[in-house]
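Hi everyone, thanks for coming. Please have a look at the chain on the screen, and I'll walk you through it.

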Amino acid sequence: QIHLVESGGGLVQPGGSLRLSCAASGSIFSIYAMGWYRQAPGNQRELVATITSSGSTNYAESVKGRVTVSRDIAKNTVSLLMNNLKPNDTAVYYCHFSLKTTANRAYQEVWGQGTLVTVSS
């Protein structure tokens, strides 16, 4: 069984920075991609940033230039550095992994429990 543990959320003032981290534990054979999504109250969950095992990244237009996603394959971790945060970045942030637990199984999607980021003065 795979578990994702997130850390780094909290309250930050507009213009501030925050770093989120997510570590996967369990029997992992390979990782295709990992990343971050967020869900604000009343909204659907949306992509923030993803990164593949080869290092290819994808960012939502709303965060481009302010956010950097990185990964450590050896440690099964993914991080999200957010700069110049704005009030509309307030949301619950979820980490996500697309991974295999054995060679002959299909990739499965695994989600973290979510961490709240509040941007407010």
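Let me begin with a definition: two strands pair if DSSP finds at least two bridges between them. Strands themselves are DSSP runs of E, at least two residues long, while helices are runs of H or I of at least four, and both are numbered from the N terminus. What we have here is a predicted model, where local features need pLDDT of at least 70, side-chain atom pairs count only at pLDDT 80 or more, and totals for chains, interfaces and linings use all residues. Residues are numbered from 1 along each chain as its sequence is written, and side-chain values use heavy atoms, with hydrogens and water left out.

Now, which residue in S3 is the bridge partner of Ser 7? That is Ser 21. S1 and S3, residues 18-25, pair in the antiparallel sense over five bridges.

Stepping back, four strands form an open antiparallel sheet, in the order S1-S3-S8-S7. S1 (3-7) and S7 (67-72) stand at the edges with a single partner strand each, so one side of each has no neighbour in the sheet. From one strand to the next, the twist averages 15°, with axes being lines fitted to C-alpha atoms and angles running from 0 to 180 degrees between N-to-C directions.

As for the whole chain, it has zero helices and eleven strands. Of its 121 residues, 42% count as buried, meaning under 20% relative accessible area, with exposed being over 50% and partly exposed in between, using a 1.4 Å probe and protein chains only.

How confident is the predictor? pLDDT is its confidence in each residue, from 0 to 100. The chain's mean pLDDT is 95, and 100% of its residues reach 70 or more. Confidence is lowest in S1, at a mean of 94, and highest in S8 (residues 77-82), at 98.

Finally, two asparagines. Most residues other than glycine have a negative phi. Asn 76, however, has a positive phi of about 55°, and is found in the loop between S7 and S8. Is Asn 76 buried or exposed? Asn 76 is buried, because its relative accessible area is 19%. Asn 84 also has a positive phi, near 50°, and lies in the loop between S8 and S9 (91-100). With a relative accessible area of 42%, Asn 84 is partly exposed.

Conventions
pLDDT is the predictor's confidence in each residue, from 0 to 100.
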